[in-house]
Amino acid sequence: MTVLDRPTGGTRHQRRTPRSWLRGGGLSTLIFMLPLLVVFGVFSWFPIGRAVVMSVQTTNLVTAPEFVGLQNFRDVLADPLLWTAVKNTGYFALLALVFGYPLPLILAVLMSEVRRFKGLFSALAYLPVVVPPVVAVLLWKFFYDGSPTGVFNTILGWIHLGPYPWLQNATTAMPSLVLEATWAAAGGTVIIYLAALTSVAPELYDAAEVDGASVLGKIWHVTMPQLRGILLITFILQIIGTAQVFLEPFLFTGGGPANSTLTVLLLIYNYAFANSLGGDYGAATALSIMLAAVLAILSGLYFRVTRSWSTS
Amino acid sequence: MKSPLRMSTALVVPGVLALGLLGACGSNDPVAAPSTGGKVTIEVSIDQGLEQGAIDAFNARVKQFQTANPDITVKSKEYTWTGTTFAAELAGGTLPDVFPIPFTDGRGLIERKQIADLSPLIAKLPYAEKFNPKVAQAGEAADGKMWAIPIAAYGQGLHYNRTLFTQAGLDPDKPPTTWAEVRTDAKAIADKTGQAGYSEMTQSNTGGWILTTLAYANGGRVEAVDGDKVTATIDTPAMKKVLEYLKSLRWDDNSMGANFLYDWGTINQDFAAGKIGMYVSGGGNYGNLFTQNGLKPADYGVTILPLEGSDAGVLGGGTLAAVSAKASPAQQAASVKWIDYYYMQKLANKDAAILDAQTTKDAGQPVGAPQLPVFDRATYDESQTWIKGLINVPIDQMKPFTDGIFDQPLLPEPASSTQKLYAALDPVVQAVLTDKNADVDKLLADAQVTVQSILGKP
């Protein structure tokens, strides 16, 4: 019997009994799903549930926890460092958006126009993504050495610029982090755009050319609208990713100098782990939940607003 | 199309998830002790990132211990106390059975019963009554019972690079004795060698640690304790003097190099690499500099901190050996035997001291780096004579420190919320070193409020 031959619920009502469920393959489905459910439940939803519970408790994870209601949320909202962290995270997100968001698109469009060595360029663009993030940050720490003999300062010195303090100054530290983060992440997005560009029908470009469109005109009137769906997704992914930036400030500056690179996720980490005698896990989970809620709301609004723009 | 909310929720949960997982680990029941038929197995800590020689020396000591105690099996586990990971390791149950902790954490861990109560076992040790009282209190509960054993004590010192001193035209046998001399020497080093004359730790709570050290050395304190009431004393003339001093070194003299985000590990690295003329840290740092950072012994010098102003003192600290609260009674007893054997006997027993020093020396590791007495001064002096012939560290280069440290008043670290207080001071010293226009008065006034709010919390 094929699937098409099967009677559907719309044409014939059949009471669902345990027996029919069993005969219909329900048990085998459940057995096959079980490992996934267990793994996902234990490693994803159970910790999330525990975190929600922990956010209304005071606990050092050793002695019995104490229920404190919404006190952790109030404490976090009253912490002046929270607003510093929110401001810094917003600044990072803005810089990453202005400089990091268009760059992969420009690279992808340029690479799609290249006739020879396309594979080589793709590999070069993707290479930073292959480098483990911690290794990349340690490498860039050398580049950012603030002394005149640092790598970047030496190179800039050849054209009589610098030396610049890079990470050692509250003004230049955050842009330095964004530069490295853009370098590290651009390759992945380039590959996504390159794949999307291959799906753009060549006839559209031909038609635009017949209509007398320039290269920029073709990009603006053909490429961009065709990539609209992908661009919308990468945009929200970028916002969510930058709102959770942790690795760069943690490894480069530890949030310094003078809290100028303290981000929300780093603050969560500090709440939980900066004190060797047991961190404020309640405040850490409370802030985690607030961040998750804000990002979920933001994402929901974004998709609602942009629904009509999307191609999918 | 996939639900946007579901999608975004799936994307934003990792932070929440990690914390929840930690909680899940922390709620596990204690693991049953792996002891069978009178045999017991314990896990002991070995420093992370040691050179092969140091690992060989450690393994040799384990072998000697197991020969003397055939019923105890010792397994080693890499562990180095780190402020930012210790709480998670403790809660997650991933620490070895025996682990060292700094003096500052002793009282808190004991109050919360997060380490094992070893007092009945410690009381039976032959030297139980000989501990230096100032040192012993770090491992004692409020009732005076000792839960954790002090294994090392230190006073802060000024480490300096003799080679850079020579290159700068300074006499390495005459290190600075006042803060004004530190400044002029730092400038000479920076001007003549291009390296940092004086550097300072600023990250991972070490900024607060060193700032407190400098405040103590200038007659200041960071907390005032009156019964149960603790008051922050950050906004004081002594602290202002220290910050203004650092500001002068950084901005007037430009003698602090180009890195102002050092922590303990990275400053040791750069000092051993010859990039730093002077820095303040624990007087017993030589071991780490040599075994983990490849310091050339000829480069090394250490002297006492200049103490200026009335009531000035040198910040002291140390290390306690603690045992996991989850260890079984048999494991606790075996752990105390190990602590006695590995850490303590060399301090109190001639044969053990010689055996330890010989094993360490044979592995090419340093013997005789300066420390403060864990027991009384006489025991310490005697223990130094036992190993005199085996000392392989440049002891003459450490004379400015060893000759003076015993005469300096030793002050304990701030007792209340130590790590949080240090963390609150990190940005203060960072601001002074990275912002030419930093307003010291405002920084101190803000830090005073921040620290007071920390101390006011239960």
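In which sense do β10(B) and strand β11 (residues 410–411) of chain B pair, and over how many bridges? They pair in the parallel sense over two bridges; strands count as paired if DSSP finds at least two bridges between them. Within β11(B), B:L410 is the bridge partner of B:V314.

This is a predicted model, in which local features need pLDDT of at least 70 and side-chain atom pairs count only at pLDDT 80 or more, while totals for chains, interfaces and linings use all residues. Residues are numbered from 1 along each chain as its sequence is written, chains are lettered from A in the order in which they are written, and side-chain values use heavy atoms, with hydrogens and water left out.

Strand β10 of chain B covers residues 314–323. Helices (H or I, at least four residues) and strands (E, at least two) are DSSP runs, numbered from the N terminus. Strand β3 (residues 98–102) of chain B runs antiparallel to β10(B) and is joined to it by five bridges, with B:I101 partnered by B:L320. Strand β4 (residues 149–161) of chain B also pairs with β10(B) in the antiparallel sense, over six bridges; here B:G155 has B:G316 as its partner. Nine of the 10 residues of β10(B) are buried, so the strand is largely enclosed by the rest of the structure. Buried means under 20% relative accessible area, exposed over 50%, and partly exposed in between (1.4 Å probe, protein chains only).

In chain A, the axes of helix α4 (residues 80–100) and helix α9 (residues 170–198) come within 10 Å and cross at roughly 50 degrees. That makes α4(A) oblique to α9(A), since angles under 35 degrees count as roughly parallel, over 145 as roughly antiparallel, 65 to 115 as roughly perpendicular and the rest as oblique. Axes are lines fitted to C-alpha atoms, for helices over the stretch in contact, and angles run from 0 to 180 degrees between N-to-C directions. Residues of α4(A) including A:Y91, A:F92 and A:L95 meet residues of α9(A) including A:M174, A:L177 and A:V178, where contact means heavy atoms within 4.5 Å.

Some backbone details lie in loops. The peptide bond from A:G256 to A:P257 is cis, with omega near -10 degrees, and A:P257 sits in the loop between α13 (247–253) and α14 (264–273) of chain A. A:A258 lies in the loop between α13 and α14 and has a positive phi of about 50 degrees although it is not a glycine. A:A258 is partly exposed, with a relative accessible area of 29%.
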